[in-house]
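Please look over the model shown here before reading the notes below it.

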Amino acid sequence: MLLQALTGAEVLFGVVVLFFIGVIILILVSGIRIIQPYQQGLWILLGQYRGRLNPGFNWVIPLVSNVIKLDLRTQVLEIPKQEVITKDNSPTNVDAVIYIKVVDPEKAYFEVTNYRMATIALAQTTLRSVIGDMELDEVLYNRDLINNRLRDILDKSTDAWGVRVEAVEIREVDPVGPVKAAMEEQTSAERRRRAAILLADGNKRSAILEAEGAKQSMILKAEGSRQSKILEAEGTRVSSILQAQGQAQSLRLISLGAVPLDKKALTVLSLDTLSKMSNGQATKIIFPFEISKLVEQSAKYLGASEEKVPEVGAEMDVERLVGKPEDVLGKIPNPDELRAEVASIESQLKKDLEDTAKTTKDLKKLGAEKPSEFMDKK
């Protein structure tokens, strides 16, 4: 019986020992702290800060130690949408996103209760202050400026908390209903204005081109008319020269044929003329009283002489009586000279056409430059 009682006491003792050993092990295990690579641990022992715990395995005094783990990665905080009144009294809803990072764990934990909530609250008040100093158009078109100003202000304020503000981004700017309707109407009016300007400029360029085309057409017509008149006048001149030379040749032949005529020959010719006149249909023929004097004067004008005229075939000084052929007929242009003169006229016409084309090109260039200057001014 005693042996059995001792055996039971030993078993109980063993159980108690094992219990205490287990408790001790659990207490020792509770002092193990594992810090992740992106974390930083703060060890607080009995209300006193003892230092940082680096990433990895760490053991602290159990039961009386407290370890605070802070995330050192970049964190994204959302600023809730809030209504802000701009400088021109235009209500608008604005929200943003903040990117922060803990750079001093001691300050982030000991200097502020909750650095996340503190940063968000500070960003809200700063956002209202910055946008309140700007007009709505500036808020819509200068987001980069707002982002940079917010980042600089927040980073300066959160530096005391051991937090660095890396970036601030305005996510949405949403004007209230009436303001948005007014903006849409303004945008529509601006587009109509631009359309009207473009239409007016197009009409102007079209009118310029049409006027330029009409001007070039008139220039070409006038040039064609001038060339036609020049050619026609040149043809008339050559024709007149040839006709005059033909008449001169005819008169010279008449004068050469009239040299050997005497009074008898002239009388025969006059009688022949009278015979032709009498064969006409006229019922009355009136001759002057001194018709013989008229015939005599005509004979003298034609070169007839009262002296005895030598027989036909006798030698006579015709050039002495009539003159040399060059003096009577003048210089007759040959075909080569006429062709050379026509070639000279064509060369001059070609030069005039080139000058006209150059002038037309300059006018086109001037007409193309003026509309572009007008658009640059707009």
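The notes below go through confidence, strands, helices and a few single residues.

This is a predicted model, in which local features need pLDDT of at least 70 and side-chain atom pairs count only at pLDDT 80 or more, while totals for chains, interfaces and linings use all residues. Residues are numbered from 1 along each chain as its sequence is written, and side-chain values use heavy atoms, with hydrogens and water left out. Helices (H or I, at least four residues) and strands (E, at least two) are DSSP runs, numbered from the N terminus.

**Confidence**

- The pLDDT (the predictor's confidence in each residue, from 0 to 100) averages 77 for the protein, and 69% of the residues score at least 70.
- Where pLDDT is low, the predicted coordinates should not be read in detail.

- Seven of the seven residues of strand E2 (residues 39-45) are buried, so E2 is largely enclosed by the rest of the structure; buried means under 20% relative accessible area, exposed over 50%, and partly exposed in between (1.4 Å probe, protein chains only).
- In a regular strand the side chains alternate between the two faces of the sheet.
- In E2, Gln39, Gly41, Trp43 and Leu45 point one way, whereas Gln40, Leu42 and Ile44 point the other way.
- E2 runs antiparallel to strand E5 (residues 65-71), and seven bridges join them; two strands pair if DSSP finds at least two bridges between them.
- Across from Gln40 stands Leu70 in E5.
- E2 is also joined to strand E3 (residues 48-53), by five bridges and again antiparallel, with Leu53 in E3 as the bridge partner of Gly41.
- E2 and E3 form a hairpin that has two residues between them.
- Leu46, in the loop between E2 and E3, has a positive phi of about 50° although it is not a glycine.
- Leu46 is exposed, with a relative accessible area of 65%.

**The sheet E6-E7-E8**

- Three strands make an open sheet in the order E6-E7-E8, with antiparallel pairing.
- Strand E6 (75-85) and strand E8 (163-175) are at the edges with a single partner strand each, so one side of each has no neighbour in the sheet.
- On average, neighbouring strands of this sheet are turned by 20° against each other, direction ignored; axes are lines fitted to C-alpha atoms, for helices over the stretch in contact, and angles run from 0 to 180 degrees between N-to-C directions.
- Nine bridges link E6 with strand E7 (residues 91-102), and the bridge partner of Glu83 in E7 is Asn93.
- Asn89 lies in the loop between E6 and E7; its phi is near 60°, a positive value in a residue other than glycine.
- Asn89 counts as exposed at 62% relative accessibility.

- Helix H3 (residues 115-132) has 18 residues and reaches 25 Å from its first C-alpha to its last, close to the expected 26 Å; the expected span is 1.5 Å times one less than the number of residues.
- Several residues of H3 are buried, among them Tyr115, Ala118, Leu127 and Ile131.
- H3 lies across E6, E7 and E8, at about 35° to E6.
- Helix H5 (residues 143-158) lies across E7 and E8, at about 140° to E8.

**Two single residues**

- Asn58 is found in strand E4 (residues 56-59) and counts as buried at 14% relative accessibility.
- The side chain of Asn58 reaches the backbone oxygen of Asn54 at 2.8 Å.
- Leaving aside neighbours within four places in sequence, Asn58 is in contact with Gly31, Ile32, Arg33, Ile35 and Leu53.
- Arg73 sits in the loop between E5 and E6 and counts as partly exposed at 44% relative accessibility.
- Arg73 and Gln39 are 34 residues apart in sequence, and their C-alpha atoms are 8.0 Å apart in space.
- The side chain of Arg73 makes a polar contact with the side chain of Asp71 (2.9 Å); a polar contact is a pair of N or O atoms within 3.5 Å, and within protein one must be able to donate a hydrogen and the other to accept it, while residues adjacent in sequence count only if both atoms are side-chain atoms.

Key:
Contact = heavy atoms within 4.5 Å.
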